[in-house]
Amino acid sequence: MYSLEPFKIDLKGLKGESAHMEYELTDGFFEAVQAPDLHKGHLCVSLTIHHNAGVYELDFHTEGTVVVSCDLCLEDMDQPIETDNRVVAKLGETYSEDDDLITVPENEGILDIAWLVYEFIELAVPIRHVHAPGSCNPAMTELLKRYSADEEQLSRRAESEQNETVDPRWEALKQLKDKS
């Protein structure tokens with residue numbers, strides 16, 4: 001079972017002005033955070049924390065691949081991910097998130113970054129993801145071509161039928177428009 005404990009950072013317990021942490025994310029990570037959209041992948045996360053005057057700057061660098069469905073053939077494919085993100089945290093009275101500033105209760109001092117890491121990964125996945133040309137499932141590609149062609153023919157047929165049965169009032173207006 002994948003443990004999310006290493007993702008809980010004790011901000012008050014950090015020694016020195018900076019700290020560095022490395023995380024390796026596998027399928028177990030996505031299961032442990034109960035990820036709604038991504039379920040498989042292998043990524044490395046490098047986290048650097050700088051502490052200065054009560055403010056903690058967390059710089060994340062994430063690199064690896066996640067498994068997503070191809071938009072064309074619906075087969076699984078590896079989607080490369082590389083992203084850099086920054087979050088600023090401070091200690092305060094109650095937990096709150098405002099844009100890129102997270103306030104952590106001072107009596108606890110623990111910042112759980114597991115969900116932040118997941119969100120950074122999900123935001124790095126492109127909206128459209130397709131296999132490299134020629135790598136899609138050939139059977140699905142053939143079906144897509146066949147049904148796309150049928151749809152084009154239907155739209156052309158509907159357009160020609162629409163042009164044939166024009167209301168005489170619109171035809172009269174069209175003639176007036178053509179004269180001017």
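Guide: What follows is a set of questions and answers on a predicted model.

Visitor: How many helices and strands does the chain have, and in which order do they run?

Guide: The model is predicted. Its secondary structure comes to four helices and eight strands. Read from the N terminus, the order is β-β-α-β-β-β-β-β-β-α-α-α.

Visitor: What percentage of the contacts between residues at least 6 apart in sequence join residues at least 24 apart?

Guide: The chain has 180 residues, and buried ones make up 28% of them. Its accessible surface is about 12,200 Å², with 51% belonging to carbon and sulfur atoms. Of the contacts in question, the share joining residues at least 24 apart is 55%.

Visitor: Which residues does Leu 58 contact, leaving aside neighbours within four places in sequence?

Guide: Leu 58 is one of the residues with the most contacts inside the largest core. Its contacts beyond four places in sequence are Ile 9, Leu 47, Thr 48, Ile 49, Asn 85, Arg 86, Val 87, Ala 89, Leu 111 and Ile 113.

Visitor: Are the rings of Phe 30 and Tyr 118 stacked or edge-to-face?

Guide: A pair of aromatic rings is described by the distance of the centres and the angle of the planes. The structure holds seven aromatic pairs. For Phe 30 and Tyr 118 the centres are 6.4 Å apart and the planes are at 75°; the cut-off is over 60 degrees, so the pair is edge-to-face.

Visitor: How many residues apart are Phe 30 and Tyr 118?

Guide: Both residues are buried. Phe 30 is in helix H1 and Tyr 118 in helix H2. The pair links distant parts of the chain, with a separation of 88 residues.

Visitor: How does the pair of Trp 115 and Tyr 118 count, and which cluster holds these rings?

Guide: Trp 115 and Tyr 118 are three residues apart in helix H2, so about one helical turn separates them. Their ring centres are 4.8 Å apart and their planes at 40°, so the pair is tilted. Trp 115 is partly exposed at 39% relative accessible area, whereas Tyr 118 is buried at 0%. Ring pairs link both into a cluster of Tyr 2, Phe 7, Tyr 23, Phe 29, Phe 30, Trp 115 and Tyr 118.

Visitor: Which residues form the salt-bridge network?

Guide: Side chains of opposite charge can pair when their charged atoms come close. Arg 86 meets Glu 57 at 3.7 Å, N to O, and its closest N and O atoms with Asp 59 are 2.6 Å apart. Arg 86 lies in strand E5 and Glu 57 in strand E4, so that bridge ties together parts 29 residues apart. Shared partners join the bridges into one network of Glu 57, Asp 59 and Arg 86.

Visitor: What is the N to O distance in the salt bridge of Lys 8 and Glu 5?

Guide: The structure holds three salt bridges. Lys 8 is partly exposed, at 38% relative accessibility. Its side chain meets that of Glu 5 at 3.3 Å, N to O.

Visitor: Is Gln 34 buried or exposed?

Guide: Gln 34 sits in the loop between H1 and E3. Its phi is near 55°, a positive value in a residue other than glycine. Its relative accessibility is 66%, and the cut-off is over 50%, so Gln 34 is exposed.

Methods. Residues numbered from 1 in each chain as written. Predicted model: local features only at pLDDT ≥ 70, side-chain atom pairs only at ≥ 80, totals over all residues. Heavy atoms only, no water. Core = buried A, V, L, I, M, F, W, Y, C linked by side-chain atoms within 4.5 Å. Buried < 20%, exposed > 50% of the residue type's maximum accessible area, 1.4 Å probe, protein only. Contact = heavy atoms within 4.5 Å. Helix = DSSP H or I, 4+ residues; strand = E, 2+ residues; numbered from the N terminus. Areas by Shrake-Rupley, 256 points an atom, 1.4 Å probe, with all protein chains shown as cover. Phe/Tyr/Trp six-rings, centres within 6.5 Å; stacked < 30°, edge-to-face > 60°. Salt bridge = Lys/Arg side-chain N within 4 Å of Asp/Glu carboxyl O.
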